[in-house]
Protein chains: 2
Amino acid sequence: MPRQRLSNNPQPDAKRRSPCPVACALDLLGDKWTLLVVRDLLLGRSRFKDFASSPEGIPSNILSDRLERLLAANVIRQKPAEEGGKRLAYELTEKGIALRPMVRAIRDWGLKWEPGTRAELQPVR
Amino acid sequence: MPRQRLSNNPQPDAKRRSPCPVACALDLLGDKWTLLVVRDLLLGRSRFKDFASSPEGIPSNILSDRLERLLAANVIRQKPAEEGGKRLAYELTEKGIALRPMVRAIRDWGLKWEPGTRAELQPVR
DNA sequence: GTATTTCACTTGCATTTTGCAAGCATTGTA
DNA sequence: TACAATGCTTGCAAAATGCAAGTGAAATAC
């Protein structure tokens with residue numbers, strides 16, 4: 001049997017705090033790490049080691065957990081890292097790509113109001 | 001002495017995880033509750049009881065903590081709840097009002113991708 | 001003026017999440 | 001075949017969260 005990778009078992013929607021779209025989005029994305037992974041994906045990074053080596057230093061167990069949750073929510077999917085290779089990489093789904101305006105809004109606010117921040121070498125397109 | 005209210009002592013910028021504006025914004029806003037308070041403020045709510053009675057049911061100790069952090073970050077400020085009254089309310093500063101595009105982006109994503117969500121009676125203008 | 005209720009919190013404590021370090025089985029490379 | 005890199009998992013201490021129950025000042029009712 002091939003080694004088990006992070007599973008993608010979409011769960012039925014967990015109980016929501018409210019029908020508010022903001023609250024609902026925050027149930028998935030509202031923490032210190034998840035949107036940094038999305039940021040990395042938007043910047044073109046795709047592999048576990050890439051996310052793990054971002055300057056913020058996400059712990060590997062947290063990264064595993066967040067990838068699992070993003071898979072379950074269909075924000076990302078797995079793909080082979082290279083043609084023919086067996087290693088896996090991650091990419092944004094349409095639902096994930098749709099997060100770009102959100103990440104851009106966060107980036108723009110940070111740039112304007114948090115002194116000393118600067119945009120990535122690769123801007124979030 | 002008047003009773004002590006939540007203090008507004010802006011701290012020198014804590015150590016940052018990275019100079020990335022997204023990471024920096026998430027250090028302040030990246031959790032399940034903070035942006036819901038901002039949402040309520042954008043919807044015109046201004047008092048502790050208003051935030052506490054939103055449908056998500058934020059625990060009062062968490063609400064206290066989040067108001068304190070937003071005060072310290074100059075995202076909100078205190079004002080008297082009514083003319084002449086001694087009770088306090090909260091309002092967004094310019095820095096806080098600048099969060100509107102971010103909250104709107106989150107709301108729009110939630111509306112589009114999380115089935116069953118619906119916008120507030122009072123839309124986020 | 002006094003009693004009562006509301007408001008804006010605080011406190012204590014159990015539960016959950018986070019963070020760090022170490023370990024480990026595959027996969028790729030020399 | 002050895003060795004290193006990758007993509008995780010595990011164990012555990014520390015921090016954050018969530019719930020319930022206070023608490024004292026301010027507003028309201030009587």
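Start at the DNA backbone: a polar backbone atom of Lys49(A) is 3.0 Å from a phosphate oxygen of DNA strand D. This is a predicted model, where local features need pLDDT of at least 70 and side-chain atom pairs count only at pLDDT 80 or more, while totals for chains, interfaces and linings use all residues. Residues are numbered from 1 along each chain as its sequence is written, chains are lettered from A and ligands numbered from 1 in the order in which they are written, and side-chain values use heavy atoms, with hydrogens and water left out.

**Around DNA strand D**

- In chain B, an N or O atom in the side chain of Trp33(B) is 2.6 Å from a phosphate oxygen of DNA strand D.
- Helix H3 (48-52), helix H4 (60-72) and strand E2 (88-92) of chain A, plus H4 of chain B, are the elements that give two or more residues to the surface near DNA strand D. (Helices, H or I with at least four residues, and strands, E with at least two, are DSSP runs numbered from the N terminus.)
- There are 22 residues around DNA strand D, and those that come nearest are Ser60(A), Tyr90(A), Trp33(B), Asn61(B) and Arg66(B). (Near means that a heavy atom of the residue lies within 4 Å.)
- Of the DNA strand D atoms that come within 4 Å of the protein, 67% belong to sugar and phosphate.

- You'll find Asp31(B) in the loop between helix H1 (21-29) and H2 of chain B.
- Buried or exposed? Asp31(B) counts as buried because its relative accessibility is 12%. (The cut-off for buried is under 20% relative accessible area, with a 1.4 Å probe and protein chains only.)
- The side chains of Asp31(B) and Arg66(B) are joined by a polar contact of 3.2 Å. (That's a pair of N or O atoms within 3.5 Å; within protein, one must be able to donate a hydrogen and the other to accept it, and residues adjacent in sequence count only if both atoms are side-chain atoms.)
- Another polar contact, of 2.3 Å, links the side chains of Asp31(B) and Thr34(B).

**How H2(B) meets H4(B)**

- Thr34(B), Val37(B) and Val38(B) in H2(B) meet a set of H4(B) residues that includes Arg66(B) and Leu67(B). (Contact means heavy atoms within 4.5 Å.)

Methods: Buried means under 20% relative accessible area, exposed over 50%, partly exposed in between (1.4 Å probe, protein chains only).
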